[in-house]
Each structure stands twice: as C-alpha cells, then as structure tokens.
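Subject: Structure for your review

Dear colleague,

Please find below the structure that I am handing over to you.

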Amino acid sequence: MRMILLASLVGLASMAAALDLQPTADLRVRQEVLDGVYHFAPETDRDWVRVRTRLGLQATGDRHALALRLANEHRHYLTPDQDLDWDEVLIDRLAWRIALGEGTDVTLGRQDIIWPGGFLVLEGHPLDGSRTIFHDGVRLRHHLGEAGSDGPRIDVAAVHNRRQAGLVLIDDQDRALTFGDETGLLARVDHDRWSHAFILKHEDWPDDEPGVPRGDLTTWTFASRHVGAVHASVDLEAELALQYQHGDVRETIPYPDDAPFGNGWALAGQAFATVPFERASIDLGGFFYSGARGDLRPFKAPWGNWPKWSELYIYTLLGESTPGRPHVAAWENVAAPRVQIRRPLAGGLDGRVGATWLTAPAPEWASRGLLLEARLDAQLRPRLRAHLLFEWLDPGSFHDGRYGLAPLTDPVSFLRWEISWSF
C-alpha cells in the first residue's frame, strides 16, 4: 500500500507540469454542546469548538487527474477545561486517477470511497470524527454500457487501512484511527434501480497492548439496495445486508455469558418511503442492526460507523465500549422506526424535524429512548454554507442500569452550529 501512495506522489510530481493546476481549500468551524451525553464519565458535559482546515492541489489532463490534500482539525475545549492541542497535519488525499477508456477509470492511493447512502461504506477512520474518512487502496469503476446509456456500472476496490494513518507531517505519528489494521475487498454492481454488493473485510487487532482483547475478525457482507419510485408520488429507498462473521473477539456489551460469539450470521437493513407534498416531504421508515439474539450475531457495518442516524447518539454509544474498542458510532444492536419532515423555507433556508424511537433488539427489545431532531440549513453564498442542529434524547429502559451499563436516566441534548467555506 505504501508503494501505491508513493506511485501517486511520483505521478503528481512528474506530470504536474503537463496538467492544469487548481488549488483547493476549505474551512469548517463548528461548536458542539453536549449536555449530559457523557453520562458514563465523571464530567458529563462537553462544549468544544472544532476547526478543520484543508488545503490541496488538483491537476487534471485528458486521461489523468491527480489530487493532493492536507488536513488539520483541532478542538478548543470550553467544558471541561483542557489545554489547546493543535493536533496533526496529515495527508488526507493523495490519489491518481487514470482514464483507461470510455467509461473506465482507476484511482490509486489515498481517496474517499463513499457508496450511495453510506449504509455500509463511507467512514474509513471512525476514531477521529469527521476530520478524515479516507481509504488507502485501488479502485476501479467501469460502465458496461455505451457512453450516456443506462447500462450496468461496476465499482471494485481493494483497501488496506492501517491502525495509524501514516503520512502524518506534524505531531503524533502513532494516533489510532481504527480499532486495528483493516484489509478489504469491495465490489458493487449498479443497474437501473438496483445495486448488489459484496464486501470482504479482515480486522487484525493489536496483541501487544494492555487491556486490548487479542484476536481478529473477518466478515463477509452481501447486500442489495433499491432506490426508485414505487408509485406516482412515492419514492422508496431500501437496503438489506446479510453478514457472515469469523473470529473470536468479544467486542460488545451487554450480552449474557452464553451469548453466541465466534462464527455466525448477522443482519442489517433500512427502508424509507418519501411522500411529497406541495411545500414539503415526509420520510417514513426505519432501520435495523442485529445484536446477539438467538442465532444472530451483532452486525458490524464494514465502514458505516458515522453519524448516519444521530449526532447525539454516537457519543452515548461510548458508554457501551469494551477494553480496546471505543464504541462511538458503532451501529449494532440498534433498531428504530423513524419519521422526518423536510420543508424549504424563505431566503435559501431548508428545515427538517424528525423523531426516532430507538430500541435494542438484544437481549429483549428494550427501549433505547425517544430521539427528537430539528435542523436548519442555509446557503449563504455559492461557497458558504451554515447549519444549526438540535437533538434531544429521553432515554429508555435499556439505559437504566439493568444491563450492566452506566445508568442514563435523565434527558440529554446536543446542539451544534456550523459554518463552512470552500474554494
């Protein structure tokens, strides 16, 4: 993998003179206030300002495109009081895309791989928030039909994400961004309204750190996705994933001592129908990630650990961590019906409100609580955006201490404002 990244860097240097150069930059500033969300910690509140800066260079030509981008995100802690740490400056993108022919291209190096919806593949490094999401690897995309046709499209990638990112220019070279070294093979075929996917992922956990469980985990994930109209005024998005697991790492709680671990099957899915109205639309549906119940194992989203369903609840999940594995954004043993209403407002504003009734399928379909959300998005200028987000959780019986978790009995909330600019 280092050879691939080196080849991308050599390609960028050797061909830059023959390509059109375009600098890139973006700045994102957000403040997040978490009231009681860290219920498992001595200090339950968090208030921080996150500043992410990215600077890059793109070079494009007839058959080649090269991209280099540096990234830094640092946090200013207001609660609890902590010293400022400027954090790392690292190479967030180092990719070389080659057009092999009509409808076919290969991308080598450090790149973002995002599958539609992000249910299975989006986040390559869950332990550093949204600072980076990249994968290190090779990706091939091929359109089987003629140019402009609606023929099948193939997306295949091989990735290797090290536990420490590497290519860190300033500061901590050993910061962990994943739970272990990851090697994966991803393949997806899209045709018309359907897509079918296969993901093979192997996680190699470190065995030389105190308190970290030894072992590894291999998962085979098979999935199908459908997006399209099912009625003149109703759109449907549905995805189902079946996963086979091989490994002996005991990663999640709370499960009884005789819960099935090791080899076995897991299941996940989502389905949402969108109904438009004159000035608004409503999304109705739900999602499911299995826990250890009966013959099922906890589903492990290959690269889907990001705030897809909630910004607040990903931090609450930290209370379910086990030694060596922070559980942040690990959507497993979670299921919920969900409703959202979206409506455009005046002056380039868009608003949405939603409600999610969270449950834990294992061990006995206990309530995780009622989650409410309200969000306002604003397009201030062509390259300037902002949003305001508020979430509130009234916890259920799953969090009352009966399952061995730190009790969460009072409502908690999450507030964020963000402004972002890109060049």
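The notes below begin with the whole chain and then turn to particular residues and strands.

Please bear in mind that this is a predicted model.

The whole chain

The protein chain contains two helices and 19 strands. Of its 423 residues, 50% are buried. The accessible surface amounts to about 19,300 Å², and carbon and sulfur atoms account for 59% of this area.

Glu32 belongs to strand 1, which covers residues 20-35. Is this residue buried or exposed? Its relative accessibility is 1%, and residues under 20% are classed as buried, so Glu32 counts as buried. The side chain of Glu32 makes two polar contacts that may be pointed out here: one with the side chain of Trp48, at 2.6 Å, and one with the side chain of Arg416, at 3.1 Å.

The aromatic cluster

How many aromatic pairs does a search of the whole structure find? The search finds 16. One aromatic cluster is formed by Tyr38, Phe40, Trp48, Tyr77, Tyr315 and Phe414. The charged end of Arg46 sits over the ring of Tyr38, at 4.1 Å from the ring centre. In the case of Arg75, the charged end sits over the ring of Trp48, at 4.5 Å from the centre. Trp48 is also a polar contact partner of Glu32 through its side chain.

Strand 4 and its partners

Strand 4 (residues 89-101) pairs with strand 3 (residues 64-79) in the antiparallel sense, over eight bridges. Within this pairing, Ile91 of strand 4 stands opposite Leu70. Strand 4 also runs antiparallel to strand 5 (residues 104-111), to which seven bridges join it. Here Ala95 has Gly109 in strand 5 as its bridge partner. Strands 4 and 5 form a hairpin with two residues between the strands, and in this hairpin Gly103 takes a positive phi near 80°. Strand 8 (residues 168-170) is joined to strand 4 by two bridges, again in an antiparallel arrangement. Leu90 has Val168 in strand 8 as its bridge partner.

A colleague

Technical notes. Residues numbered from 1 in each chain as written. Predicted model: local features only at pLDDT ≥ 70, side-chain atom pairs only at ≥ 80, totals over all residues. Heavy atoms only, no water. Phe/Tyr/Trp six-rings, centres within 6.5 Å; stacked < 30°, edge-to-face > 60°. Lys NZ or Arg CZ within 6 Å of the ring centre and 35° of its normal. Pairing = 2+ DSSP bridges. Helix = DSSP H or I, 4+ residues; strand = E, 2+ residues; numbered from the N terminus. Buried < 20%, exposed > 50% of the residue type's maximum accessible area, 1.4 Å probe, protein only. Areas by Shrake-Rupley, 256 points an atom, 1.4 Å probe, with all protein chains shown as cover. Polar contact = N/O pair within 3.5 Å; in protein donor to acceptor, adjacent residues only side chain to side chain.
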